[in-house]
Each structure stands twice: as C-alpha cells, then as structure tokens.
Amino acid sequence: MSTSNPPNPPMWAERFFLWYCKDSEADMLLGDMYEMYYERVEEKGVKKARWRFIRDVFSACRPFAWKHVQLPSYLNELAMFSHYLKIGWRNLMHHKGFSTINILGLALGLACCLLMFLYVQFELSFDGFHDKYDRIVRVTSVFHTDAGDQNLTYTPNIIAPLLARTYPEVEKGCRVMPSKMLISHNGMSFKENHVLYADSTFFDIFSFKVLKGSPSQALKDPSSIVLTPPLAKKYFGVEDPIGKFLYSSTDSNAYRVSAVVEQVPRNSHMHFEILRPFHGEKWMVSNEGFFPANYQSYALLSEAGVREKVEGQLPDLILKHSDEETASFLDFQLQPLEAVYLRSTHLEQEEGIRVSDIQYVYILGGLAFLILLIACINYINLTTSRSIDRAKEVGLRKVIGAQRPQLFNQFLGETVMVAVLASALALIIAYLGLPYFNELTQRELTLGDLLRPAFFKLFLGVFLSASILAGLYPALILSNFQPIRVLKGRFGHSSGGTLLRKGLVVSQFVISTCLIIGAIVVQQQLHYIQSRKLGFDKEHTLILPVDGKVRQNLSTLTQRLEQNPQVKSASVCTNPPHLIKGGYDFKENTVEEKPGKSVTAMAVDHNFLETLSLKLVAGRNFTPANSEGPGYAFLINEKLAEGMGWDETEALGKEVDLHGREGKVLGVINDFHFASMEETIGPLVLYNTVEDWTKQQLLVKVLPGDVALQLQGLRNIWDEEVPHRPFEYQFLDQAFARMYETQEKNRKIAYTFAGLALFIAALGLFGLASHTVMQRTKEIGIRKIIGASIPSILLLLSKEYLKLIGIAFVLGIPLAFVLSQRWLEGFAYHISFNWTWMLVALSVLLLISILSIGYQTMRAATSNPVEALKYE
Amino acid sequence: MKHTQLGAFEELVLLTIGVLQGDAYGVAIKKEIAEQTGRMPSIGALHSALSRLEKKGFIDSHEGGATKERGGRRKRYYVMTGAGNKALVLSKELRNGLFDRIPGISLDNLSIRGI
C-alpha cells in the first residue's frame with residue numbers, strides 16, 4: 001500500500017451520485033466504488049481510475065438505487081380512483097348548500113368565458129373565408145390638411161385600375177360602391193337597400209361562391225345584375241332567374257340576371273344582396289381621376305410581402321398621374337384585409353360596411369376574465385374556510401398511511417369534479433343567456449360555433465387552468481394537516497390563511513366597486529350626451545329621401561307638403577343634419593393668396609333654417625328667389641367665422657370660394673352639432689341648391705300631434721306625386737339615437753358585468769358568512785345565555801365583513817376614478833366625475849353585503865341557545 | 001412445485017456468493033465473476049441483481065468491516081439463504097435433466113449432425 005495520498009475521485013460525480021441515490025444504499029455503494037478506485041489508481045493510474053469511477057456512478061444509476069420511487073403511489077392512485085369519486089360525490093351531497101354556491105359561482109364565471117370566446121372567435125374570423133385572404137388589401141386615402149391627416153376609406157375611381165396596370169405585383173384591382181335601388185316588378189315597387197356596384201374582377205379577388213352562372217362573366221355586361229338566393233326567390237319564385245329581367249323604377253333600364261351568388265356569410269365586412277357591374281353606371285367610370293373620392297377600392301397582391309413595397313411607390317405614382325398640388329396633400333395606403341374589420345376605427349367609412357373595434361375584443365375578454373377570477377376566488381375562499389370540517393378525515397387518512405401527494409390529488413380531484421359539474425351548468429347558462437348576449441353585442445352567435453376544434457381546445461385549456469388555479473390552494477392547505485394535531489382537536493386557522501381569505505374578499509369587492517362606478521359613469525355620460533343641446537330642434541322631423549325622378553316633381557311635392565295643415569315647414573337639402581359629411585375646400589377670394597381651410601358643407605334651400613329652428617347670428621337667409629341660384633350664396637357657422645378671423649358682421653359680404661363655387665357670404669348661423677357628440681363642432685358652410693344633384697333629402701317638420709294620422713296624410717301626398725317610389729321615412733330623433741348605439745351598447749355591457757360581478761361576490765360572501773356562523777354556533781349560544789342582545793350579536797358577526805367591504809370601497813374609489821376619467825376624456829363633451837356617485841356605489845355595496853350575510857346572521861342571532869349547546 | 005424465476009445473471013451471482021462463503025461483498029463478487037467468466041460486470045448491474053436476489057429472499061445481507069480504502073465506509077456482506085440454496089439446486093437439476101436428454105451431446109462428439 002503506497003503511503004502517499006492518492007487524489008480523490010471526481011467530486012462532482014460523487015455529488016451527483018449522492019443526489020440520486022437512496023440513503024440506505026449510498027454508503028455501501030460508494031464504499032465499493034472507492035475501493036475499486038484506489039485499486040485502479042495502483043494498477044492503471046489516476047486518469048483511468050477517475051474515468052472508471054465516473055462510469056461506475058452512471059452504471060449504478062438504476063431504479064434499485066433511486067430515491068423515492070413514484071411508481072407505486074401512481075399505481076395506487078389509479079386503484080383509488082373510484083373511491084375518491086365516491087367520497088367526493090358524498091361530500092358534495094352532504095353539503096348541498098355550499099356545493100351549490102361553489103358550482104353556481106364557477107358556472108357563471110365559465111359561462112361568461114364561454115360567451116366571450118364565442119364573440120372573440122367570431123370577430124377574429126372576419127373575412128377569413130376568402131381563399132386569397134392574405135393577399136387582399138384595401139386602398140385607403142390620406143388627406144393632409146392643416147388640421148392634421150384625414151384617413152378615409154373613400155377612394156377615387158382611378159386608383160384601383162391604375163395600381164393593377166402599373167405594378168406587376170398587383171394582380172387585380174376592384175372598385176365597389178354600396179348603393180340602393182328601386183325595382184319595379186310585376187307592377188310593384190321594391191326598395192333594395194343592399195346593392196353593391198363592383199368591377200368584373202370582383203369574383204377574382206373575393207371568394208363569394210357563385211351558385212349559378214359564371215364568375216368571370218357575371219359582371220361583364222353593363223346591364224347585368226347578380227342576385228342572392230333569397231332575392232331570386234322573392235322575384236322569380238322557384239324558376240331559374242338566369243336570363244330573366246328586372247326593371248328599375250327610377251329610369252327605364254332593364255337588367256338581365258347573369259348569376260346567382262351565395263348569401264354573404266355572417267362574418268364578412270362587406271354586405272350585399274345585389275351586385276351590379278361598376279361600369280354599369282357610366283358616370284362612375286367616365287372621368288378617371290383623383291376626384292371625387294366616392295368608392296371603396298381593393299387590390300389583390302401577388303404575395304403578402306410586397307404590400308409595403310408597393311405602398312412606398314405610391315407617392316411617385318400620384319405625382320406622375322396628377323400634379324404637384326394634388327400630390328402634396330393626397331396619399332394612399334394599402335390596408336391588409338385582416339385589419340379591415342377590427343382596426344379601422346381611425347378611418348371615416350361608408351355606412352354599408354360592417355366595422356367593429358378591436359378594443360371590444362380586449363374589453364370583453366378582460367371583463368370575462370375578471371368575472372372568472374372572482375368566481376375562482378370564491379371557490380378558494382369557501383373551500384379553504386370549510387377545510388376545518390374535513391380535517392378529521394385528512395388526519396385519519398394520514399394515520400392509515402396516505403401520502404401528502406395522494407391527499408393533494410384527492411382534493412384537487414374534487415375541485416375538478418366541481419368544475420366539471422360547473423361546466424355542464426355553464427353550458428346551460430350560456431345557452432339561455434345567448435339571446436341576451438347577442439342583443440348586447442349585436443351579433444348572431446350560435447353555440448354551434450363552439451364546436452370548432454381550435455375554439456374547443458382553447459376552452460378546454462381555460463377550464464383546466466381555472467380548475468387547477470382554484471383547486472391548488474385548498475388542496476395544499478388540506479393535505480397539509482398534521483394528523484396528531486387534527487385528531488386531538490387542537491388546530492385552528494393559520495393566521496396567514498385568514499389574511500389571504502380576507503385579501504381575496506377585498507379584491508372581489510374592489511373589482512365590484514369599479515364596475516358599479518363604471519356603470520354609473522357610462523349611464524350618466526350617455527344621458528348627458530343625449531340630452532345636450534344640439535343647437536337645432538330634432539323633434540317631430542321626418543327625413544324623406546329623394547331621387548332623380550322625385551326631383552322632377554320636387555317643387556310640386558314640396559308645395560303640397562307645406563300646404564298640409566299638419567306640416568310646419570319642409571326643406572330640401574343634401575344630407576340629414578346629423579350626417580353632414582361632404583368635405584370641401586374653403587378659401588377667401590382675395591387678391592393675395594390666402595391658404596384655404598377644410599370644411600364640411602352641404603346644399604340647403606331657404607326653408608332649412610326654419611325647419612330646424614336654427615338661428616341667424618348675423619346677416620340673412622336664402623330667399624325663394626336665390627334659393628336655387630343663379631349664382632352661389634353661402635351661410636357659414638360661427639366656428640368657421642372665428643376660424644377665418646372674422647367677427648359676425650365682418651363675415652357678411654365676403655367673397656369666398658367653396659371648392660370651385662364662388663359667391664358671397666350672406667349670413668352667419670349658430671353652431672350646431674352635425675356629427676357625433678364625440679367631436680367638437682367643426683366649420684360648416686351651407687350653400688344654396690343650385691346644383692340639382694344636391695337635392696337628396698326632404699326634411700319635413702310636423703306639428704306635435706297624432707303621428708299615425710300625419711304619416712297617413714303625408715303618404716297620400718307622396719303616393720300621388722311620386723308614385724314610382726314607395727313612401728319611406730325616418731324620424732330625425734330616432735336617427736340621432738342610433739348614432740349612440742355604440743354608447744348604449746357600452747352602457748348595457750357595463751351594467752351586465754357589474755351585476756354579474758356583484759352577484760358572484762355576494763354569493764361568495766354569503767357562503768363565507770354561513771360558514772363562520774356555523775363555526776361559531778356554540779359561541780353565539782353562550783353569548784346569548786350570558787345576555788347578549790340580538791343586535792349586538794348581529795353586529796359581532798357582521799363587523800368583520802363590513803370592515804372588509806369598507807376597505808374594498810376605499811381602495812376601489814381611486815381606481816374607478818382614474819379609469820373613468822380616461823374613458824370620459826375620449827368625448828369632446830363630457831361630464832365631470834361626481835362624488836355623489838360614490839355614495840350610490842357605497843350604498844349598493846352595503847345593501848348587497850347586508851343581504852348576503854343578513855339571513856344567516858339573523859338566524860344565528862335568533863336561534864335557541866339550547867340547540868347550540870345540547871351536545872356539549 | 002412452484003419456484004421463483006432465477007435469471008441467468010442472477011444465478012451466476014448467487015453461485016458466486018455460494019463460492020465466496022461469507023466473504024461475498026460487492027467488489028469481491030465482481031472480481032470473482034470476472035475471473036470465472038472473463039467478463040467484468042458493471043457495478044450497477046451487479047448491485048441491481050443483488051437487490052433483486054434479496055427481494056426474492058435468496059440472499060441475506062449484513063453490514064461488515066469498514067476500511068480505509070473505502071473512505072471509512074462499511075461493506076455489505078451477502079450470504080445465501082435456504083431458499084437460495086434450494087433455487088440453485090432446482091435450477092441445476094433442471095439443466096442437467098434437459099442436458100442429459102439431448103441425444104449424442106458430449107464434449108467428445110462435436111461434429112455437426114444434420115443441422
């Protein structure tokens with residue numbers, strides 16, 4: 001034996017060995033390995049010995065040596081499955097009350113998620129049915145003005161064909177324009193509101209299925225027309241519509257049905273029932289130029305990646321085909337199809353196009369998640385607080401030999417059981433709540449959408465995560481009980497546990513507070529907007545649309561209408577007052593070139609001001625003499641006068657140029673809202689109805705009275721004067737109300753979610769309170785015997801919870817305040833945060849809490865102490 | 001009569017333990033097998049087999065002397081049990097029986113016949 005000290009075997013190998021090896025074998029095995037190591041050092045040298053040692057370490061890494069083999073207990077789990085099921089079910093049944101609360105709460109949360117998923121999935125699927133989805137882009141216009149950039153979906157008729165013939169990367173271009181038609185068929189007149197004019201390349205780009213006829217030929221002939229099956233049925237019954245004719249009521253054109261296309265799927269941003277070829281209307285294609293911009297344009301790229309490249313070349317293209325001035329303020333962008341539905345809120349769009357906001361996807365998603373969170377919190381709270389009841393069971397099981405992981409799995413499994421039941425209930429709730437939800441979000445969702453595999457997987461994922469999240473903590477707590485302490489009866493709540501539970505209750509109510517205040521804010525803001533002075537009178541006013549044929553008879557029609565005793569006044573104009581959209585250039589006609597402004601403008605006749613009760617701040621109105629010319633005359637609003645640097649009297653008589661129309665300013669009218677309340681009032685010009693096409697609407701102001709009778713009278717006059725067109729009207733105040741549909745929707749959503757959150761939180765509180773009361777039955781009994789009064793007992797029991805509510809309230813208010821302010825600032829005109837709402841929120845909270853805990857505490861307080869102490 | 005399965009390697013280890021007579025511990029068994037068969041079993045394989053034999057009740061173990069070469073760690077000695085003894089005998093009988101029933105097999109007669 002050499003007397004020198006040989007080096008030790010590799011330390012890391014030894015450490016690794018000790019890590020995996022079980023204690024009972026480690027010592028002996030390591031001894032063997034050391035013995036061999038030193039022998040080998042003698043025989044073969046240190047290097048080989050070390051290498052061999054490492055090999056030995058790995059060789060010994062086999063099942064017999066491993067610490068804590070899991071396999072046996074895994075197999076045991078499987079065998080215990082039916083037992084756990086039985087016990088879990090019994091547990092649920094024995095405490096039906098708590099089980100119901102748990103299941104109901106989770107079910108509500110899951111149902112919310114379900115519905116929300118339906119919505120999100122639908123929204124994100126828009127336009128996905130087009131085969132060439134990723135290659136389709138929409139062309140948008142950008143107007144650079146002194147007030148900033150204006151983004152519009154309106155494009156001129158030149159851009160789509162120009163793109164197609166200039167760039168090889170653009171395979172096809174297509175223009176569309178939504179419109180309406182009057183069809184006369186078999187002696188009856190029909191108004192078709194969903195007509196789309198489209199280039200013949202329409203079917204090359206979009207994947208709308210052509211059921212009869214040829215896609216490539218369908219829109220070639222200028223007098224052809226394409227129908228959807230319901231319309232084909234409406235006009236031609238069961239006969240084949242191909243080759244048959246439909247006639248226009250407004251002119252004497254005949255259209256030949258060239259094809260039948262399937263009904264537009266629900267998730268399409270474009271909607272139409274009739275297609276007509278774009279070049280079918282000569283005036284739309286005759287002058288190819290950059291103005292006017294009245295159409296929507298789309299393009300098909302050779303591949304998705306070239307979009308930016310083509311977009312970058314557009315400024316040069318514009319310059320080449322127009323002049324420097326145009327190129328300086330006009331630009332085009334290519335918007336990918338996937339962004340059209342959800343990310344177009346910055347664009348001014350045509351009315352016929354469906355659009356939504358990606359924000360809703362985020363908001364609804366966030367809200368549903370919040371609700372689910374509250375429900376999970378409930379579950380955790382309730383289950384952990386009831387853990388005491390199961391303590392004996394846990395203690396006994398451990399004595400018999402259950403391992404902690406086993407117990408953990410058992411209790412987690414019980415949560416999963418509850419979650420499964422909750423899911424079943426959630427499906428039912430979702431089914432029942434679907435109509436309301438559809439109304440709330442204005443969609444037509446069906447539960448069938450649920451069955452799509454991607455969606456289903458997602459929901460399963462959420463379900464599992466929610467169950468595990470909710471079940472984790474209770475399972476941990478329960479499996480942790482020490483048998484000795486439990487069986488001796490000397491255990492209590494850990495202080496950490498109660499703190500967590502209190503924290504959870506507080507957060508639930510903070511969320512609820514925010515939602516309540518949010519609901520109040522939305523409600524008040526909406527009320528404010530809707531009752532705010534518009535600057536004109538919108539009551540009792542009808543809007544009647546006017547077309548070319550009507551114009552021929554317009555003066556007689558207006559005369560007769562005004563003669564009707566029920567009619568106060570009638571006026572002709574281009575747009576209804578809430579939809580004045582025409583964008584025009586406005587500048588003063590002076591010797592020096594002053595820069596112009598962008599204004600909104602439309603044509604009106606001399607009765608306009610009276611019909612809407614608008615006031616002249618200075619100057620005078622149009623008269624019947626100059627209402628239709630010759631020569632232009634202008635009325636401007638105060639805002640424009642201010643913007644031009646004129647005071648009211650200065651403005652009168654100024655020579656101005658409105659987009660090529662020259663004339664004098666006759667008068668200044670008061671500012672009024674001609675767009676949504678979300679924006680400030682802009683500059684406005686009203687000019688006289690010199691041009692025939694500007695006469696598009698008839699505004700009729702009636703006296704307050706029997707509406708039905710008035711309508712009848714008006715209808716009679718209409719039918720006599722313009723029989724080709726069915727009498728169709730809209731009430732101005734209703735049209736206005738529809739502008740705020742979005743806000744109405746917001747309001748309803750806020751209320752619904754606030755209510756839900758509160759309900760679930762209350763449910764949780766109820767469960768907790770019941771449990772506490774149960775725990776303290778003996779204590780209450782004794783107190784009553786000593787002489788405590790009922791109110792004092794009530795106070796005692798509720799004190800703790802009321803304190804928590806108070807904290808939640810205090811925390812929730814600042815949060816709610818910040819969030820509301822941010823939302824309100826999105827409106828040009830908004831209310832300020834009113835602190836009395838806090839009181840409302842507080843009272844709601846208190847009321848709910850008292851209701852939740854009231855029943856149980858009352859019962860406890862009035863119970864007979866004898867009952868409580870009988871078993872002592 | 002039922003007998004527990006004895007794998008080939010396990011049988012070898014068991015036989016070696018019998019041979020070593022009270023001196024049978026890890027390293028010694030390993031060396032003896034290497035000497036007898038010409039192949040050195042890995043320490044993992046060997047102790048795996050020892051563990052199995054112990055579980056089947058064919059061997060017993062007891063802790064023994066520690067030495068400096070083992071870093072002060074004790075050896076574990078293995079001895080055959082009665083059951084182990086029985087298992088070996090049964091196995092030998094089975095093999096011998098079958099062997100004898102092969103016609104014409106012997107060390108002298110190594111010609112290949114009709115295969």
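# The interface of chain A and chain B

Guide: In this predicted model, 7 residue pairs, both at pLDDT 80 or more, are in polar contact across the interface of chain B and chain A. A polar contact is a pair of N or O atoms within 3.5 Å; within protein, one atom must be able to donate a hydrogen and the other to accept it, and residues adjacent in sequence count only if both atoms are side-chain atoms. Local features need pLDDT of at least 70 and side-chain atom pairs 80 or more, while totals for chains, interfaces and linings use all residues. Residues are numbered from 1 along each chain as its sequence is written, chains are lettered from A and ligands numbered from 1 in the order written, and side-chain values use heavy atoms, without hydrogens and water.

Visitor: What makes up the buried area between chain B and chain A?

Guide: The size of an interface is often given as the accessible area lost when the parts come together. Buried area is that loss, summed over both parts with a 1.4 Å probe. Here the two chains bury about 1800 Å², 54% of it on carbon and sulfur atoms. Ile43(B), Glu69(B) and Arg73(B) supply 35% of the area that chain B buries against chain A, more than any other three residues.

Visitor: Why is the pair Lys31(B) and Glu39(A) called a salt bridge?

Guide: A salt bridge needs a side-chain nitrogen of Lys or Arg within 4 Å of a carboxyl oxygen of Asp or Glu. The N to O distance in this pair is 2.6 Å, so the pair qualifies. Lys31(B) lies in helix α2 of chain B and Glu39(A) in helix α2 (residues 23-44) of chain A, so the pair joins two chains.

Visitor: What makes Glu14(A) and Arg73(B) a salt bridge?

Guide: Their closest N and O atoms are 3.8 Å apart, so this pair also meets the rule. The count between chain B and chain A is 4 salt bridges.

Visitor: Why is Glu10(B) called buried?

Guide: The relative accessible area of Glu10(B) is 7%, so Glu10(B) counts as buried. Arg52(B), at 37%, is partly exposed. The side chains of Glu10(B) and Arg52(B) meet in a salt bridge (2.7 Å, N to O). The pair links helix α1 (residues 8-20) of chain B with helix α3 of chain B, 42 residues apart.

Visitor: What makes Arg276(A) and Glu281(A) a salt bridge?

Guide: The closest N and O atoms are 3.7 Å apart, which puts the pair within the rule. Arg276(A) is buried at 1% relative accessibility, and Glu281(A) is buried at 19%.

Conventions: Helices (H or I, at least four residues) and strands (E, at least two) are DSSP runs, numbered from the N terminus. Buried means under 20% relative accessible area, exposed over 50%, partly exposed in between (1.4 Å probe, protein chains only).
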